[in-house]
Amino acid sequence: MDRQTEFVLGAVEERDIKFIRLWFTDVLGALKSVAISPAELEGALTEGVGFDGSAIEGYARVFESDMVARPDPSTFQLLPWRTYAGTARLFCDVTLPDGSPAGADPRNVLKRALRKAADMGFTFYIHPEIEFFLFRDPVVPGQPPIPLDFGGYFDHTTLDTGTSFRRDAITMLEAMGISVEFSHHEAAPGQHEIDLRYADALSMADNIMTFRVVLKEVATSQNIVASFMPKPFTEYPGSGMHTHLSLFEGDTNAFYDAASPIQLSAIGKSFVAGLLAHAPEITVITNQWTNSYKRLTGGGEAPSYVCWGRSNRSALVRIPLFKPNKASSARVEYRAIDSACNPYLAYAVLLAAGLDGVEKGLPLPLEAEDDVWELSQRERKALGIKALPSNLGEAIEAMEESELVAETLGEHVYDYFLRNKRAEYEQYRSQVTPWELQTLLPSL
């Protein structure tokens, strides 16, 4: 028995834990959970817990349904909102009965991508800026939600419900070992942002899944609703998850070069070039819902075009220069991704795209110095600036042609994800919208 397992078993006994929840996600990023008693924990840690994979979105067909959830002892944390009975959670890797990784496990997809980075000598770090909305309860399906407040970007208000919510959520996140760097009100009514301190990509994907649960639990306890829907309002900006990415070689930031005008190394430049080269085909993973594209076509700080810049917040990839002489801070920011994605798959394809650029030594295109939104289509074409997919259908088509995405996700996840997204888009396309009824019905 290793030390980590011993620690978990000891902590459960010392803290009088009554329930242990085993967490994993389906292909679309929905959290799944099964609770076991302390008496079953040692067996679960050594042998795993069997379940019917055919009942989980995208996992298995009925005749190949036996799967095993194997808890990762390094992810042990108490759930601070379960105060009436001690409860802890462990993230799981999903395997087949013979112990081999399940092809449908999103966590395994990311771990496989990280192993490739490790083989190249790199560790992949992530720092996300997670935006979300708070609404008054109840939220009625089909009706516009009511924002919790009508504040704006960085607004400082007296101790209101939104401020109290962020304080309570951050306190709970910190109690679970998830470090928070910043928090503030965002641009839209009821919209807020909490930024998590950087961590390795696997830990961060686990943290984001935990983050979503924590925010919804805190919201429920305060009789409000927290939502990660990318674009709930036509007239206001949507919620993204601008994500800062960096590669390290040991303790050295592989993206830093003090001699470069943008202080970005050759590895960093090729990584950005890879992100740009593969951006259209990975967009269905970073922006996986029909609603995601309402945010990406809305202007503001949501990118629609494949380009990079420094101070340019209309660019898809931005090179931040907040601490220009601090090597460890060198990073790139990918701005298309939204907070409703499956973080395991999204970080896997971002890493794969960037590493492909590094392997091929792709050159960094010219910087976009203008507000890309203000340029005409002819001007963008002259500058070689291509558009991101404008809807889920276009994103699906780009992914269908992508060898990189197919290889990164693996055959099972790739096929299932495509089938699911095609069905979602066809259902969406067949809907008659309130806009059509309001605009066309009176005049046609």
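Which residues do ring pairs link into a cluster?

Analyst: That would be F132, F165, F211 and F228, which ring pairs link into a cluster. Keep in mind that this is a predicted model. A search of the whole structure turns up 16 aromatic pairs, so let's go through a couple of them in detail.

Take F7 and F76. Their ring centres are 6.4 Å apart and the planes stand at 90°, so this pair is edge-to-face. The pair links distant parts of the chain, with F7 in helix α1 and F76 in the loop between β4 (66-71) and β5 (77-78), 69 residues apart. The two partners have their own accessibility labels: F7 is partly exposed, with a relative accessible area of 46%, whereas F76 counts as buried at 8%.

While we're at helix α1 (residues 3-14), look at T5, which also belongs to that helix. T5 is buried, because its relative accessible area is 7% and the cut-off for buried is under 20%. Leaving aside neighbours within four places in sequence, T5 is in contact with L45 and P73.

Now for F124 and F271. This aromatic pair is tilted, at 6.4 Å centre to centre with 45° between the planes. F124 sits in strand β7 (residues 123-136) and F271 in helix α6 (residues 266-286), so the pair ties together parts that are 147 residues apart in sequence. Both partners are buried here: F124 has 2% relative accessibility, and F271 has 0%.

S260 is in the loop between β13 (252-253) and α6, and S260 is buried, with a relative accessible area of 5%. The side chain of S260 reaches the backbone oxygen of L264 at 3.3 Å.

K421 lies over the face of W289, 3.9 Å from the ring centre. The charged end of K421 also sits over the ring of F417, at 5.8 Å from the centre of that ring.

Helix α6 comes up again when you turn to helix α10 (residues 392-400). Buried in α10 are L392, G393, A395, I396, A398 and M399. What do they pack against? The buried residues of α10 pack against α6, α7 (292-296), α11 (403-409) and α12 (411-429). The N-terminal end of α10 is capped by N391, with a side-chain oxygen of N391 lying 3.0 Å from the backbone nitrogen of G393.

Rolling a probe the size of a water molecule over the atoms shows where empty space is left. The whole structure has 2 cavities of 30 Å³ or more. The second largest cavity has a volume of about 30 Å³, and its lining is made up of F24, T25, F91, C92, D105, R107 and Y344. The elements that give two or more residues to that lining are β1 (19-25) and β6 (87-95).

Terms used:
Residues numbered from 1 in each chain as written. Predicted model: local features only at pLDDT ≥ 70, side-chain atom pairs only at ≥ 80, totals over all residues. Heavy atoms only, no water. Helix = DSSP H or I, 4+ residues; strand = E, 2+ residues; numbered from the N terminus. Buried < 20%, exposed > 50% of the residue type's maximum accessible area, 1.4 Å probe, protein only. Contact = heavy atoms within 4.5 Å. Phe/Tyr/Trp six-rings, centres within 6.5 Å; stacked < 30°, edge-to-face > 60°. Lys NZ or Arg CZ within 6 Å of the ring centre and 35° of its normal. Polar contact = N/O pair within 3.5 Å; in protein donor to acceptor, adjacent residues only side chain to side chain. 1 Å grid on protein atoms, 1.4 Å probe; cavity = no way out; pocket = protein on both sides within 12 Å on 5 of 7 lines; lining within 4 Å. Points joined across faces, edges and corners; volume = space filled by probe spheres on them.
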